[in-house]
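I opened the notebook today to look up a few charged pairs and some overall totals. Here is the structure I worked from.

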Amino acid sequence: LQTLIQETDPGADYRIDRALNEACESVIQTACKHIRSGDPMILSCLMEHLYTEKMVEDCEHRLLELQYFISRDWKLDTVLYRKCQGDASRLCHTHGWNETSELMPPGAVFSCLYRHAYRTEEQGRRLSRECRAEVQRILHQRAMDVKLDPTLQDKCMIDLGKWCSEKTETGQELECLQDHLDDLVSDCRDIVGNLTELESEDIQIEALLMRACEPIIQTFCHEVADNQIDSGDLMECLIQNKHQKEMNEKCAIGVTHFQLVQMKDFRFSYKFKMACKEDVLKLCPNIKKKVDVVICLSTTVRNDTLQDAKEHRVSLKCRKQLRVEELEMTEDIRLEPELYEACKSDIKNYCQNVPYGNAQIIECLKEIKKQLSTRCHQKVFKLQETEMMDPELDYTLMRVCKQMIKRFCPEADSKNMLQCLKQNKNSEVMDPKCKQMITKRQITQNTDYRLNPVLRKACKADIPKFCQNILNRAKDDTELEGQVISCLKLKYADQRLSPDCEDQIRVIIQESALDYRLDPQLQMHCSEEISSLCAEEAAAQEQTGQVEECLKVNLLKIKTEMCKKEVLNMLKESKADIFVDPVLHTACALDIKHHCAAIPPGRGRQMSCLMEALEDKRVRLQPECKKRLNDRIEMWSYAAKVAPAEGFSDLAMQVMTSPSKNYILSVITVGICVLFLIGLMCGRITKRVTRELKDR
């Protein structure tokens with residue numbers, strides 16, 4: 001049969017193959033009518049429409065039968081022979097097409113042309129434009145069906161039967177082999193690996209994927225699609241636009257599959273490979289999997305940054321592409337194999353109906369973190385720690401707050417993105433969805449100081465100094481449920497923190513005073529009281545300190561000791577700084593402006609000023625401010641009885657905010673004067689006795 005086909009040469013004129021001519025007549029009339037009858041390009045046109053709506057089943061079968069033989073004897077491809085004859089002679093040192101000998105085995109000429117097809121100008125000895133187009137055409141055809149790739153079918157026959165016997169639909173066999181890459185026999189793995197590496201450079205070889213992605217390419221990627229040399233740009237563009245509303249399901253699945261295949265070997269990401277191959281050889285030798293290479297290079301970059309190295313070990317072009325890879329990996333949990341493997345059972349149990357992509361599975365795991373298995377919980381904690389140090393890697397935050405980042409933080413460094421958003425959170429033009437997402441991240445940060453890099457840096461000396469007992473009980477990769485932050489809050493009230501740490505804790509107290517959810521200890525210990533005493537306030541859409549105020553007002557009704565302690569701590573904090581008591585601060589804003597404007601905030605100074613104004617009958621405070629201050633005085637009096645002063649500063653603050661302040665100060669003054677007089681008298685008596693002894 002092969003001899004007959006060689007003799008008749010239907011590749012030169014398809015009409016010689018009567019069965020093909022009859023079966024494909026309707027397709028030729030509709031899809032290839034612009035090509036002259038009998039032209040060899042008719043076959044190429046038919047192959048371009050293989051597996052499309054215009055193709056009929058009978059023509060498809062006849063066409064594949066013929067292509068099976070043409071793919072195994074390139075002398076039968078007239079167009080390829082004509083366009084590449086000069087290149088074959090110049091680059092592959094042959095004058096006869098597809099010569100067969102010990103030195104020139106079957107198919108060697110095409111293999112040679114294929115090797116030269118993707119060379120850059122710097123590498124030299126490139127194919128002519130016409131020949132390169134023909135080589136790409138053949139590669140496109142081979143990618144459609146494994147039967148059209150003789151080497152692939154020969155080397156992978158056993159693996160196709162073992163792993164892919166049920167994958168009978170178009171294009172599924174190659175995808176199946178890529179999915180089982182690590183399980184394939186050595187020869188087949190090399191062939192599939194080389195083909196995947198080629199696809200990473202020129203994804204247009206994947207004709208079926210290109211058809212599925214045509215709308216998105218025309219809308220978002222037409223500029224890179226028109227480039228003669230792809231160099232991985234088109235796939236990068238498709239990945240970046242994977243979640244556009246124009247994206248169809250087939251294209252999205254194809255792009256995601258290619259991303260997952262890329263994780264098996266860093267060579268499958270062409271741009272990453274070209275940018276970082278020298279760095280990988282130098283810094284990460286013997287590492288093959290892409291995710292491991294990314295971790296290796298990222299760790300090196302981070303260490304160089306932390307140590308303020310004069311010169312980065314990872315080159316600039318590699319660092320730029322490494323950033324692209326890191327950001328792409330955050331979009332789908334399956335692109336982070338360690339996290340995915342650790343959380344597989346949890347995903348099945350808690351996030352079964354949540355779709356992959358857009359980091360939705362990762363967000364689902366974060367929201368039910370306390371219910372996760374230990375291993376998954378630890379991995380999620382480490383992920384959050386990384387995201388808080390570098391918020392640009394937080395895919396959901398970046399997606400939800402994209403427009404707000406453009407508005408408020410266009411010049412902000414990626415490391416300070418969340419900090420910038422937090423500072424603008426209460427702006428009138430802040431998007432509600434973004435504001436909600438910022439609050440979520442603040443709640444997460446307040447569960448553990450390690451998730452707040454700014455606080456961690458500002459309080460690096462204070463934390464071990466005041467909270468070492470908590471650190472001793474802590475476990476790696478599990479939250480401290482706000483214990484360290486609560487410890488620092490108490491020291492803030494006692495005015496014992498360093499200035500930088502005090503500033504950060506003040507901000508945290510101010511924020512949590514407006515929203516009880518930002519105080520993990522309060523939420524943990526007062527959950528029942530909030531449900532029973534403050535349900536209406538907790539249900540409010542906008543939290544402005546109503547829950548905290550409700551708990552303070554109902555302090556006498558609180559039965560749980562731990563909850564009572566948390567509310568008393570809140571009262572103690574408000575003594576130290578009126579800014580951390582939003583209800584009181586709002587009520588007394590005008591009075592502070594009129595009577596205490598010259599007094600700097602912090603360390604209880606403005607609170608003492610208001611107390612003095614309250615005692616001074618010549619000063620008239622706003623009715624609401626006066627009422628709130630009297631309420632606070634009653635609360636502080638009760639707090640002083642229930643929780644006595646723990647130190648001199650606490651005692652001094654209680655005295656200054658006491659309604660009997662003047663009486664107490666008078667008593668203390670009289671006591672000091674009496675002691676002074678007694679001391680003076682004792683001094684004179686001892687002096688007289690000494691003189692009498694001398695006179696003797």
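I looked up K415 and found it partly exposed, at 45% relative accessibility; partly exposed falls between buried, under 20% relative accessible area, and exposed, over 50% (1.4 Å probe, protein chains only). This is a predicted model, where local features need pLDDT of at least 70 and side-chain atom pairs count only at pLDDT 80 or more, while totals for chains, interfaces and linings use all residues. Residues are numbered from 1 along each chain as its sequence is written, and side-chain values use heavy atoms, with hydrogens and water left out.

Next I checked the partner of K415: its side chain forms a salt bridge with that of D390 (3.9 Å, N to O), the term meaning a side-chain nitrogen of Lys or Arg within 4 Å of a carboxyl oxygen of Asp or Glu. K415 sits in the loop between α24 (402-408) and α25 (417-423) and D390 in the loop between α22 and α23 (395-400), so the pair ties together parts 25 residues apart in sequence. D390 is buried, at 7% relative accessibility.

Then I turned to E338 and K379, whose side chains meet in a salt bridge at 3.1 Å, N to O. E338 belongs to helix α20 (residues 337-350) and K379 to helix α22 (residues 374-389), 41 residues apart.

I also noted a salt-bridge network linking E549, K552, D581, E624, R628 and R632. The structure holds 43 salt bridges.

Last, the fold: I found 42 helices and zero strands, taken as DSSP runs (helices H or I, at least four residues; strands E, at least two) numbered from the N terminus.
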